[in-house]
Amino acid sequence: MNHLLSGARAAAADWNARMLAQAADGTRRGTRWGRGAFAFVPSVLAVGVLGTALAQGALAANFSVTGQPFTLTSNGVEGSGFGAIVNTPAVGRPDGTTSTDTAMARVGFASAHLAGLCGIVHQTIAGLPYSLLLTGGQKVAATPPATFTTDIDASNLYIQATELQAYGPTTLQNAVLGQSADQVTVAGKPLTGALPGGFGLGSAGGEGGSSIALHGLNASAYDAEMAGALVLPDLKIRVVAGTATAC
């Protein structure tokens with residue numbers, strides 16, 4: 001058993017090093033929560049190794065979970081290098097086809113700090129409902145606190161959502177509302193699906209670009225990517241019976 005654990009840890013460390021190197025070269029690859037949710041539920045051993053890697057430092061994760069919305073919540077988010085556009089991404093249907101008739105907001109952060117994280121994906125297996133719960137950092141409250149302290153760090157975070165809501169005051173600095181979507185950049189790159197003349201929320205320029213602070217976050221998302229490194233303490237991945245509404 002110790003031999004298996006040592007081998008698994010070595011493989012995880014090698015994989016993590018390769019993922020971090022890929023993130024550093026500037027090529028968008030990304031963490032996606034949306035496609036085939038249960039494809040990324042690993043064995044107990046793999047979860048243990050993943051948790052160890054996260055506890056030891058930054059993990060360039062490559063989760064793949066799209067086709068249906070999932071819930072993403074946090075007690076609060078502070079981000080810099082912030083940008084947002086409206087686009088119509090391809091959304092998968094159960095029959096394998098795709099549609100591009102749903103307008104969504106694509107929001108990006110060059111650097112993001114979160115106060116806990118709760119991701120919920122609903123699935124049906126053999127006609128029975130199940131929920132996959134992914135949590136990290138502090139417990140996410142049903143009613144977000146008036147103040148928050150962040151404990152999760154992420155670079156190049158992107159969320160594709162039909163709805164994104166904050167529950168307290170939102171502070172937005174150094175931003176331009178109504179900028180042409182194709183002129184909005186995050187970490188020096190345009191946002192996927194941006195069209196000239198489309199709605200965009202970008203930076204007015206200056207050091208660090210635009211920034212935002214959200215007290216409480218509740219997003220109905222189709223895609224969430226961590227294209228850079230992710231420092232996520234106390235990772236937990238659980239599958240529970242029924243339709244969960246909170247972590």
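A residue counts as buried when its relative accessible area is under 20%, as exposed when that area is over 50%, and as partly exposed in between. Keep this in mind as we walk through the structure, which is a predicted model.

**The disulfide**

Let's start with the cysteines. The structure holds one disulfide, and its partners are cysteine 118 and cysteine 247, with an S to S distance of 1.9 Å. The link between cysteine 118 and cysteine 247 is right-handed, with 80° about the S-S bond. Cysteine 118 sits in strand β5 (residues 117–125) and cysteine 247 in the segment after β15 (236–241), so the bond ties together parts that are 129 residues apart in sequence.

**Threonine 135**

Threonine 135 belongs to strand β6 (residues 128–136).

**The aromatic pair**

Now for the rings: the structure holds one aromatic pair. Phenylalanine 82 and phenylalanine 109 make up this tilted pair, 5.3 Å centre to centre and with 45° between the planes. Because phenylalanine 82 lies in strand β1 (residues 70–87) and phenylalanine 109 in strand β4 (residues 104–114), the pair ties together parts that are 27 residues apart in sequence. Phenylalanine 82 and phenylalanine 109 are both buried.

Conventions:
Residues numbered from 1 in each chain as written. Predicted model: local features only at pLDDT ≥ 70, side-chain atom pairs only at ≥ 80, totals over all residues. Heavy atoms only, no water. Disulfide = S-S within 2.5 Å. Helix = DSSP H or I, 4+ residues; strand = E, 2+ residues; numbered from the N terminus. Phe/Tyr/Trp six-rings, centres within 6.5 Å; stacked < 30°, edge-to-face > 60°. Buried < 20%, exposed > 50% of the residue type's maximum accessible area, 1.4 Å probe, protein only.
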